[in-house]
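Please look through the model below with the sequence at hand.

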Amino acid sequence: MQYHHRGYISGDPRIQPAAGRGIERPDELPSQTDVLIVGTGPAAAILLAQLSRFPSIDVRAIERRPGRLEVGQADGIQARSVETFQAFGFADEVIAEAYRNVEMCWWKPAPDDPSKIVRVSRAADDATGLSEFPHIYVNQSRILDYFLRDAERAPGRATPDYGIEFVDCRIDAEAEYPVEARVRYTAGERVGEERTVRAKYLVGGDGARSAVRSALGRRLEGEAALHAWGVMDVMANTDFPDFQVKCSIQSHADGNILLIPREGGYLSRMYVDLGEVDENDAGAVRSTSIETMIERANRILAPYSLDVRAVTWWSVYEVAHRIADGFDDVPAELTGTRAPRAFIMGDACHTHSAKAGQGMNVSIQDGFNLGWKLAAVLEGRAPESLLSTYASERRVIAQNLIDFDREWSEMVARPVDSWEDPAALEDYYNSTIEFPAGFMTQYAPSLVTLDDAHQQLAPGFPVGKRFKSAEVIRRADNRWRHLGHTHEADGRWRVYVFADDAPAAPTGTPTADFAAWWSSAPESPRVRFTPGDGDDDAVFDTKVIYPQDYATFDPADVPTAFKPVSVPYGLEDLNQIFATGHGRDIHRDRGIGPAGAIVVVRPDMYVAAVLPLDARAELADFFAGHMIEPQHRERAPFITTVHGRVAI
C-alpha cells in the first residue's frame, strides 16, 4: 500500500477518512439519492463498495432482509473473482479462510464390479498457470461481508439500509432525478409503511425473482431442463477417501454427485442427482426430503458410506437457463438514442445451474463493469453514452455462460453407461478450464475497447480480455511485485508503457518521446482529462516497465511522466517504475518485442488497447471518445513545511 502522501497516518490505512457524502451520512434512507441499489447480493455488494470510494456520489442500497445474509447458496470462487478481490484489497484474507481447490478427482463404476465406485483419474485445478490466484470455496455471506466492509471503510461510508424492499417505480428519462421508486419497510417499527425515493439511477441486484426487472418490463427467457438436483451442506464422518477433495462421482445406476469441500475443514457440499423430472411434475420434486437425499448419496458412494452428523443448509432445484431480454430500461428500438436510467445485474438478468460455479462470479463482474462507468458519469468524467456499454457487454457474457452451463450440466447429469468415450467428461472439463476459471470473457470493440490491430506487439495481453499479471521488479525498492496487483478499484485507467530496448533515459528514446508527449502535449489525454487541482495520476495510473535489469539504471534516468506528483506536498511517486531482474521478465513472458508497446487497461481490469509507442493520435482519439474535459486544469500551488510550519 502507498499512504502518508496526504499527511502522516498512524491508524489503519485501509480505513480511509470520511469525505464528501460520507461525512455525517444520514442513517435514514433519504428522499433522493444519486444511485439506489436494490439488494445486497454479490453484484449489488461490489457496486456499493465501488461507488462508496467516490465521496461525491450519494449511493444507497436497500435490502428486504432485516440484516446481513447468514447462509448463502453460492460458494465457488473462481480465480478471476479473487483477482477482483485483490483490487479491493482483501484477496489474502479470503484465501486464508477459504478451502483452496488444487485438483479434481473422477470416480466411476469399477470395471469388474459396477455396483462399486473407484477413482479413475485426477486433474490439477490450474495446470497451465491461468492465474497466480487459486480457485477457492467459501460461503457467499463472507464475500458479501468483505465487500460491505470495504464500502463502510471507504470515504463514502456506505452501509445497506436493511428491512426495506423495492415495490415499483416510474422513470422520467428527462428529469433531474429520473427514477421515482416506491419502497416498503419490512422490519422494525415502520413495517408496512411505504414511501418514495428519487434517484438518478436505479440498479436491481435483487435476485432471480427481481422486482426491479418486473418494474422495467423485462422478462427472463429460456427453458428449464427436466432434471433435478438436491444440494446439501453437511458435516459427516465417512470412509470415502476424497471427501476433502473436489470430486465428480458417477455411479452405475443411482445417478451422480458433485462433491465440493467447503471452508473450515469439516463442511462439504454435495450436489446429489435426483434424476429426470416428469414434465407434469409441477414442482413436486422440490419436496424431496433431506433423508431421501442422504440415502441416495449413500447409494451413489457405495461401497463407501456417509454418516451425516449435521446439515447446515439444503435445497432442491431444477436446472434452469434463462437470460433477460434486456439489461437496462432502454427499449430495443431506442438503443443508442438515450442513456439508460435503470439496470439489472446478476441473477436478476441471468440464471443457470450451480454446478459450473459461475453465478456469484459472473454477478461480481456485472457489478464491477457497471460500477466504474456509473462513477465516471456521475463525477462528470464521462458522457452518459458510456452507460449503454454495460448492457451490450454483459449480455453477451451472460449468454456465453448459459451456453457453457447448459452443456456442462447435461454432461454431469448424463448416465455413465451412455458415454461412448469413458473419459469424455474429464476431457471436456480439462479443455474448457479457462471458462469456469473466469478467463474466457473477451469484450468486443466498443466505446471503451479498441480492436486488435496491434495485438502482435503484446500477444500476451489479448485486447478485450482481463489483464494477466506477471512479476516485475519495482525500481524504487528493488522488490518484485505482481504488476496487476497494483491495480486498485479506484476508477482509474491504467496505461502500462512497456519500454523499447534502448537504455533508460529521460530523452532521446521512443519511450522518452512518448513520455514527453503524454505529460505535456495539449492533445495528450493525461493533459486534457486530468484536473489541475489533484494528483498527476488522478485519472491515468501510468507505469513504465523497462526490459533491462533493474540494476542497470536509476530513477533519475527515467522521464518525469513516470514519476507522478501528488498533492498537497508535491511528492514524486517513484513506485511507478519497473524493470526485469531475478529471473523475472514480463516482456519475454508476454511476448513484447524490442519496439515496446502501450497496454491500456480499463478500470475493471480488462485490456482496452495495445498500441505502439508512437500511436499518439489513436490514443488521443480513443480517450476523447468517452471522456469529458474537467473544468479546472491549472495546477494549484503545493504545500511545503519548514521546521513544522506550513509554507506555500
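**Reading the predicted model**

Helices here are DSSP runs (H or I, at least four residues), strands are DSSP runs (E, at least two), and both are numbered from the N terminus.

The model is predicted: local features need pLDDT of at least 70, side-chain atom pairs count only at pLDDT 80 or more, and totals for chains, interfaces and linings use all residues. Residues are numbered from 1 along each chain as its sequence is written, and side-chain values use heavy atoms, with hydrogens and water left out.

Next comes the helix pair. Helix α1 (residues 42-52) packs against helix α4 (residues 140-153) at an angle of about 15°, and their axes are 8 Å apart. The axes are lines fitted to C-alpha atoms, for helices over the stretch in contact, and angles between N-to-C directions run from 0 to 180 degrees. On the α1 side the contact (heavy atoms within 4.5 Å) is made by P42, A45, I46, L48, A49 and S52, and on the α4 side by Q140, L144, F147, L148, D150 and A151. These residues divide into 9 nonpolar, 2 polar and 1 charged; Ala, Val, Leu, Ile, Met, Phe, Trp, Tyr, Cys and Pro count as nonpolar, Asp, Glu, Lys and Arg as charged, and the others, Gly among them, as polar.

Now the strands. An open sheet of 3 strands has the order β3-β7-β4, with antiparallel pairing; two strands pair if DSSP finds at least two bridges between them. β3 (76-77) and β4 (99-101) are at the edges with a single partner strand each, so one side of each has no neighbour in the sheet. β3 is joined to β7 (residues 135-137) by 2 bridges, and G76 has Y137 as its bridge partner.

Strand β19 (residues 471-474) pairs antiparallel with strand β20 (residues 479-482) over 4 bridges, with E471 opposite H482. Their hairpin has 4 residues between the strands, and N478 takes a positive phi near 60°. β19 also pairs antiparallel with strand β25 (residues 577-580), over 2 bridges; there I473 is partnered by A579.
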